[in-house]
Amino acid sequence: MNKKNISDVDLDGLRGRTVIVRADLNVPLDAGVISDDQRIQASLPTLRRLTDAGARVVLLSHLGRPKGQVDPAYSLAPVATRLNELLEPRVHFVPHTDGGAAVDALDAVGEGEVALLENTRFVPGETTNDPALAASWAALGDLFVNDAFGTAHRAHASTAGLAEAMRSKGGEAVAGLLLARELEFLAEALRLPERPFVAIIGGAKISSKIGVVSSLLPRVDRLLIGGAMANTFFRALGLGTGDSLVEEDSIGVAKELLDQGGDRLVLPVDCIVASEITPDAERRPTGRTAVQPGDRILDIGPRTRELFAGTIGEARTIVWNGPMGVFEIDAFAEGTVHIAHAVATACDAGAIGILGGGDSAAAAQRAGVMDRLTHVSTGGGASLELLAGAELPGVDALTDRSS
Ligand code: ADP
Ligand code: MG
């Protein structure tokens, strides 16, 4: 990667210096209580590396979608409390977002300690990437560490803006451990993948993943399509899909992708259909050419499971985004679970298996294969952008290796 990361920083020189860190502490809250602290846990390695070196850390994050004004429901105060329980050095909570307003409170923060500022989205300049707001944070120190992969595809003041402000005052902006790992797997591994290289794309909507499919298609050996996306391709082939979810507007694009992909694009040969999306609906496997009016396609069928698993078993690099069916309901989870096991088995045998997407990660968790996969990406939108070959503004703005 041509961007600097935290491993390029001289840790010995950090004692007493102020380092500004943008993390992704956007945890789910249930009536003010954190219901899942995974993102806080995930931010600890970068924070520990800096506090162990004696840096004073000013920590920034957004939480939820407050509309550019203070909204107590989205305060980071509960996150500061949790962070204080998890991290050895003291974590101070500073109830200000703007760097200028926070300055006095930072006097109390000692070497190796952390100050978490209030939600970056409590001020309007965050999402408009206001240079003055970014400069107010950059003024607090001379090193910026961006570890927030989930927001790297947005040019916000605390991501791209702060990196630019830091560089323009002569400081450095580098990737944190989490961000560096995401880039290593999603961008670097895909540039020169070991072959066969197989992508599996599923999920609800083809329209949200056209970019990914068309960018991966020329680079892969096989691209397996499942989930509701496959239905739109079936229609492009002139097949009936009953009452299944289909994006009529995307049938034309699906046709183009079929032409472009040839043998590389592999559709399901059979599916599981039911008349309703309910746990006890009567389900029936059927060939893709025999879907009846009133049928809903809700999973890939048994022959497709074997077909896809066979292709996955021969792969050396696998990228997977999107479940194969309505996996939230047991009756329609079999295809997704089967694929999850096939990917995990390939990883056990030395293949690189990369999973992206929030629902896909939930499916892998459900299948019990999470820790057998090479890498599970944490950012939904950002990982799709990277897979689609797009540049991420939050990464683009970091200091180049050569400089
Ligand atoms: P990810 O979050 O991994 O990127 P998506 O958000 O694109 O995945 O899609 C996940 C959703 O797709 C799930 O809620 C799942 O129920 C739905 N889905 C998958 N297959 C079908 C189908 N055949 N019909 C309707 N919904 C489907
Ligand atoms: Mg999703």
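**A note on the predicted model**

1. Let's start with helix H13 (residues 380-387), whose buried residues are Ala-382, Ser-383, Leu-384, Leu-386 and Leu-387. Buried means under 20% relative accessible area, with a 1.4 Å probe and protein chains only; helices are DSSP runs of H or I with at least four residues, strands are E runs of at least two, and both are numbered from the N terminus. Among the elements covering the buried residues of H13 are H6, helix H7 (210-216), strand S15 (317-321) and strand S16 (352-356). Gly-389 follows H13 and has a positive phi, near 85°.

2. A word on conventions. This is a predicted model, in which local features need pLDDT of at least 70, side-chain atom pairs count only at pLDDT 80 or more, and totals for chains, interfaces and linings use all residues. Residues are numbered from 1 along each chain as its sequence is written, chains are lettered from A and ligands numbered from 1 in the order in which they are written, and side-chain values use heavy atoms, leaving out hydrogens and water.

3. The domain assignment, automatic or from a database, gives domain 1 (6-179) and domain 2 (192-387). Their centres, taken over C-alpha atoms, are 37 Å apart. Four residues from domain 1 and eight residues from domain 2 take part in the contact, where contact means heavy atoms within 4.5 Å.

4. Now to the inside. A nonpolar core is a set of buried Ala, Val, Leu, Ile, Met, Phe, Trp, Tyr and Cys residues joined through side-chain atoms within 4.5 Å. The largest one has 70 residues, of which Leu-223, Ile-225 and Phe-233 touch the most other members. Helix H6 (residues 177-191) gives the most to this core, seven residues. Where does this core lie relative to domain 1 and domain 2? Both domains give residues to this core, so it lies between them.

5. An oxygen atom of ligand 1 is 2.8 Å from an N or O atom in the Asp-359 side chain, and a nitrogen atom of ligand 1 is 3.0 Å from a polar backbone atom of Ile-297.

Terms used: Buried < 20%, exposed > 50% of the residue type's maximum accessible area, 1.4 Å probe, protein only. Polar contact = N/O pair within 3.5 Å; in protein donor to acceptor, adjacent residues only side chain to side chain.
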